[in-house]
Amino acid sequence: MKRFVPVLNRILIFIVLFILGMIILFGHGDIPLEELKKKYANSNSSFISVKGLDVHYRDEGNQADSIPIVLLHGTASSLHTYDAWSNSLKSTNRVVRMDLPAYGLTGPFMDRNYSMTHYTEFIKDFLTALGIKQCVLAGNSLGGEIAWNYTLERPDMVEKLILIDAAGYPKTSKSTPIAFELAKIPLLNKVFTFITPRFLVRASVENVYFDTSKVTDSLVERYFELTLKEGNRQAFVDRFSMSKDESAYTNIKNIQQPTLILWGANDLLIPVESAYKFHAYLPHNKLVVLEGTGHTPMEESPMESLAPVIAFLKNTQKIK
């Protein structure tokens, strides 16, 4: 037994040295909110108190538009993912987008509750605070899941629905961002809250793009730096630890709103098979699949993905 003690000590020393090395090389402290605001808020940015959060949002375009377009982003993202869409749509429409709780400049829910019900309550309170009584609701990934759940809960507030590579149906991912996988592993996910390598962020962004040449240094920097806002890394881990209602998708068939289903053909995180499930069960929908595009069409292929959105918004006929 004694002969194993030196070996065990060496292993423990190696582990300690490895962790210290990781902290030295990849440990990052939080970036102060005011510093992030200087870079990621602009003259169109506003902040409003909702559920105890100082929510970062942008309300742009035609303020006379009584039914604005509300854009919800996905996991680990921010309102910036819709920059190209907003720049185009705001010439004719009112466009509202926000950093969802846990992400961007908004940061974490105070109670660390990232259930779908809590998110839909947040959307209701946010829209009410802005005086929005009805909207066209669009969401990507997590944002898409929030959008269709909210539509079921408050059908009176949603005129049309746009689902962009939306979560909701049971899926088998063909590839998952490494940061998503780490967030699910006990103990290791605790390390993620203070050791956040930039290369890990780049690899995760590239994982959801089809054309990785479009993953620029500035894009990675935005994802990386907003991850380092105080509380965002813990929130990222907390959300992946939340239990889900695995049967919620069975209610999708009850959505009556005209719906555009927009999907990247090369989405590895939520493969296009989910798009066909939405298409089969939503009573009034149009499906558009974009070739050569991954999980975030509005960011990777903004103009190609925006064209069907504009056509959908202009279409006043009932979709069958």
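Biologist: Is Lys124 buried, partly exposed or exposed?

Modeller: This is a predicted model, and the label follows from a computed relative accessible area, with buried meaning under 20% and exposed over 50%. Lys124 has a relative accessibility of 29%, so Lys124 counts as partly exposed. Asp125 is likewise labelled partly exposed because its value is 26%.

Biologist: Which residue forms a salt bridge with Lys124?

Modeller: A salt bridge requires a side-chain nitrogen of Lys or Arg within 4 Å of a carboxyl oxygen of Asp or Glu. Lys124 forms one with Asp125, and their closest N and O atoms are 3.1 Å apart.

Biologist: How many salt bridges does the structure hold?

Modeller: The structure holds 18 salt bridges. One of them joins the side chains of Asp83 and Arg58, at 4.0 Å from N to O. This pair links distant parts of the chain, since Asp83 belongs to helix α3 (residues 83-89) and Arg58 to strand β2, 25 residues apart. Asp83 is partly exposed at 27% relative accessibility, whereas Arg58 is buried at 4%.

Biologist: Which residue forms a salt bridge with Glu60?

Modeller: Glu60 forms a salt bridge with Lys90, with 3.3 Å between the closest N and O atoms. Glu60 is in strand β2 and Lys90 is in the loop between α3 and β4, so the pair ties together parts that are 30 residues apart in sequence. Glu60 is buried, with a relative accessible area of 5%, while Lys90 is partly exposed, with 28%. A network of salt bridges links Arg58, Glu60, Asp83, Lys90 and Arg97.

Biologist: Is Asp267 buried or exposed, and what is the nearest side chain of opposite charge?

Modeller: Asp267 is buried yet has no salt bridge; the nearest side chain of opposite charge is that of Lys171, 8.9 Å away. Asp267 lies in the loop between β7 (259-264) and α11 (273-281). A polar atom of its side chain is 2.9 Å from the backbone nitrogen of Leu269, and the side chain of Asp267 also reaches the backbone nitrogen of Ile270 at 3.0 Å. Beyond four places in sequence, the residues that Asp267 touches include Asp165, Thr293 and His295.

Biologist: In what order do the strands of the sheet stand?

Modeller: Strands of a sheet pair through backbone hydrogen bonds, in either a parallel or an antiparallel manner. Here 8 strands form an open sheet with mixed pairing, in the order β1-β2-β4-β3-β5-β6-β7-β8. β1 and β8 (285-290) stand at the edges with a single partner strand each, so one side of each has no neighbour in the sheet. On average, neighbouring strands are turned by 20° against each other, direction ignored.

Biologist: How many bridges join β1 to β2?

Modeller: Strand β1 (residues 45-50) and strand β2 (residues 53-61) run antiparallel and are joined by 6 bridges. Ser45, for instance, stands opposite Arg58 in β2. The two strands form a hairpin with 2 residues between them, and Lys51 in the turn has a positive phi of about 55°. β2 is also joined to strand β4 (residues 94-98) by 5 bridges, again antiparallel; in β4, Val95 is the bridge partner of Glu60.

Biologist: How many residues of helix α9 are buried?

Modeller: In helix α9 (residues 217-227), 8 of the 11 residues are buried, so the helix is largely enclosed by the rest of the structure. Among them are Leu219, Tyr223 and Phe224. The buried residues of α9 pack against α2 (33-40), α8 (198-208), α10 (232-240) and α12 (297-300).

Conventions: Residues are numbered from 1 along each chain as its sequence is written. This is a predicted model: local features need pLDDT of at least 70, side-chain atom pairs count only at pLDDT 80 or more; totals for chains, interfaces and linings use all residues. Side-chain values use heavy atoms; hydrogens and water are left out. Helices (H or I, at least four residues) and strands (E, at least two) are DSSP runs, numbered from the N terminus. Buried means under 20% relative accessible area, exposed over 50%, partly exposed in between (1.4 Å probe, protein chains only). Lys and Arg count as positive and Asp and Glu as negative; His and the chain ends are not counted. A polar contact is a pair of N or O atoms within 3.5 Å; within protein, one must be able to donate a hydrogen and the other to accept it, and residues adjacent in sequence count only if both atoms are side-chain atoms. Contact means heavy atoms within 4.5 Å. Two strands pair if DSSP finds at least two bridges between them. Axes are lines fitted to C-alpha atoms, for helices over the stretch in contact, and angles run from 0 to 180 degrees between N-to-C directions.
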